[in-house]
Amino acid sequence: MKYAGLLVMPAGFFLSIAAILLFPPSPQRALFVLCGLAVEAMGLVVAVRGHMQIRGENR
Amino acid sequence: MNPLTPMPFPETSFALTLGLLLLAPMAIAGVALVNTGLGRSRSAAQSLLGSLVVISTAVIAFALVGAAIAAGTSADHVFHLVSKAWNWAGAGPLFLKGFTFAGPRAQLAFLFELLSVALVALIPWGSGADRLRLPAGAAIAAIMGAVVFPLVAHWVWGNGWLAQLGINFSAGSGFFDGGGVAAIHALGGVAALAVVWIAGPRQGKFPREGLSTAMPGHNVVYALLGCLIALVGWLAWNMAGSLLWLNTPPSGLVVTAVNTVLSATAALVATFSVTRIRFGKPDASLCANGWLGGLVASSACAGVVSPMAALFIGLVAGIITPLLVELFELALSIDDPSGAISVHGAAGLWGLAAAGIFAQQDGQFVAQLIGVSTLLGLVLPMIYVIFWLANRVLAFRVDPDGERIGMDLHELGGNAYPEFVVHRDESYR
C-alpha cells in the first residue's frame, strides 16, 4: 500500500506539469495545478496509511 | 530571479554577501543544538558528532560531484518538450575544476550552496536520532550532497526548469526561493520523512497497546539556546540569499531582516498559545519547533513580501507546526524526535505557497505551487527509492542491543554525560 501511494504521487506531479503545458495563464491553470497537488496529497495519505499498517503488524 | 543573468554585482554587494555567508553557519549550529537537545541523553554525543560527520560528508560529496550538477552553464542537460527547453541538470566541471578563476558571484553562489548542503544533510539526521548509525548518516549525507540537493539546487538557483517557469510559461518570475526553503528545508523535510519511514520508530515508542510513549528531549535548554543561535544564522542566510538569488539591492535588506524576525516571533507566539490551550501549559520543546518553523517559512518569503504578510505567514507556521508534530506522532505512528518533518517540511511548503500568495505578481502562485508539487510528487518518491536501496546495502538502523544501551556507548564507547544515570526504557512509561 505504501508503494502504491508513492506511485500515485508522481502522477500528481505530472498533472501539475500538464497544467502549465495545456493552459495559458488563467484561474483554470491554477485550479488544475491544485488538482495535481490534491492527487499528490492522496498518494501521501495512502503511503502513510500503508506505513501505519506495517507498523501495526510489526508491533 | 535568474542567477545567470549578468546583473551588476558591485564590490559592496560582494563584501556584504561574503560577510553574511560567514555568519550563516550559526543556523547550522542552532539546528544541530536543537537536534541534540530533543534527542535522548544516551545518544547526545553521537548526535552532535554525527552532525559534524554528516556536514563533512555532504560538503565533500557536493564539492567533488554535486557542484557539477548544481552549476548553471551554457552546456546544461536540456530536453525539449512542447517546443520548450527543460533544463534539468547542470554540466559543470567535476572536482571544482576552474573554480579559482570563476567570477566573484559564481564563487559566492558556490559558497552559499556549500553551506546549504550542510544544513540539508543535518535535517534527516535529526529525525533519525537515537537509532540511525553514523555510517548510515554519512551515506545519507553523501547521497544528498552528491545527487539530490544538486538537482534541486540546479532547478531553483542554477537556471533550471523551475527558475525558467516565468520565461517559458508566463508563471510570474519563475519559481523563486531566496532563502532556500525548497532546496534546503522542504528537501530536508521530505528526506527526513523517507529516513523515518525506512529506519522505523525507536524501541518502545509505539507499544502494542495504548498511546505512543512520550520520549521527551533530554535538554530543552540546548533546544531553546539553539533557536536563538539559529536566528542569527537565519538572518544572514535570508539576506545573503536575497542578494544572490533575488537580486535585491543592499538597501532592500532591512525589510528582509525585519520579515525574518517578524515571522519567527509570530510563530513562537502562536505555538506558545496553541500549546497553552492544548495542554494547559506552554510546551518548551514544541515552542522551539514553532520558532524554527517560523524561521523556515520566512526563508521563502522574507525577500518578497510585506512585513505584515511575513507576520501572518509566521503565525500560520506557528499554528501548524505543533499540531502536525502531534498528529505525526499520535495518529500516524511517525517517530520524528526533532520534529523536522513538520518544522522543515510542512512549514517550508507552507512558506513556499504563501510567498506565491503574497508576492503580488501575476502567475507567481502557480510557479510556487509547481515547486511544491515537484518536491512532494517527484523528489519524495525519488528520495525514498534511493534511501530504500541504500538501506539494503548499508543498514540505517542500529541493532536492538545498541539502541538499548544508547548510541553513545554503542558507537563511541562512552557517554556524553558519564556522571548521569541512564534510565531504562521502561522508566518512560
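In this predicted model, B:Cys287 is buried, at 7% relative accessibility. B:Cys287 takes part in no disulfide, and the nearest cysteine sulfur, which belongs to B:Cys227, is 9.1 Å away. That separation rules out a disulfide here because the two sulfur atoms of such a pair must lie within 2.5 Å. Over all chains, the structure holds zero disulfides. In chain A, A:Cys35 is partly exposed, with a relative accessible area of 43%.

Turning to charged side chains, the count comes to seven salt bridges over all chains. One of them pairs B:Arg40 with B:Asp130, with 3.7 Å between the closest N and O atoms. B:Arg40 sits in the loop between helix 2 (25-38) and helix 3 (44-70) of chain B, and B:Asp130 in the loop between helix 4 and helix 5 (134-157), so this pair ties together parts that are 90 residues apart in sequence. Both partners are buried: B:Arg40 has a relative accessible area of 2%, and B:Asp130 one of 4%.

A salt bridge also joins B:Asp335 to B:Arg202, at 3.0 Å from N to O. Here the linked parts of the chain are 133 residues apart, with B:Asp335 in the loop between helix 11 (307-331) and helix 12 (340-358) of chain B and B:Arg202 in the loop between helix 7 and helix 8 (220-245). B:Asp335 is buried at 2% relative accessibility, and B:Arg202 is buried at 3%. In the salt bridge between B:Arg397 and B:Glu403, the closest N and O atoms are 2.7 Å apart; B:Arg397 is partly exposed at 25%, whereas B:Glu403 is buried at 3%. Through shared partners, salt bridges join B:Arg40, B:Asp130, B:Arg202 and B:Asp335 into one network.

B:Asp335 is also among the residues in contact with B:Ser127, as are B:Ala192, B:Val196 and B:Pro337. B:Ser127 belongs to helix 4 (residues 104-127) of chain B and is buried, with a relative accessible area of 0%. Its side chain makes a polar contact of 2.7 Å with that of B:Asp336.

Finally, the two chains meet through 32 residues of chain B and 25 residues of chain A. The area buried between them is about 2,700 Å², with carbon and sulfur atoms giving 74%. Zero salt bridges are counted between chain B and chain A, alongside seven residue pairs in polar contact. On the chain B side, helix 6 (165-169), helix 7 (181-199) and helix 13 (364-393) each supply at least two residues. The largest share, 13 residues, comes from helix 13. The chain B side that touches chain A divides into 25 nonpolar, six polar and one charged residue.

Key. Residues are numbered from 1 along each chain as its sequence is written. Chains are lettered from A and ligands numbered from 1 in the order in which they are written. This is a predicted model: local features need pLDDT of at least 70, side-chain atom pairs count only at pLDDT 80 or more; totals for chains, interfaces and linings use all residues. Side-chain values use heavy atoms; hydrogens and water are left out. Contact means heavy atoms within 4.5 Å. Buried area is the accessible area (1.4 Å probe) that two parts lose on being put together, summed over both. A salt bridge is a side-chain nitrogen of Lys or Arg within 4 Å of a carboxyl oxygen of Asp or Glu. A polar contact is a pair of N or O atoms within 3.5 Å; within protein, one must be able to donate a hydrogen and the other to accept it, and residues adjacent in sequence count only if both atoms are side-chain atoms. Helices (H or I, at least four residues) and strands (E, at least two) are DSSP runs, numbered from the N terminus. Ala, Val, Leu, Ile, Met, Phe, Trp, Tyr, Cys and Pro count as nonpolar, Asp, Glu, Lys and Arg as charged, and the others, Gly among them, as polar. Buried means under 20% relative accessible area, exposed over 50%, partly exposed in between (1.4 Å probe, protein chains only). Lists of a residue's contacts leave out its neighbours within four places in sequence.
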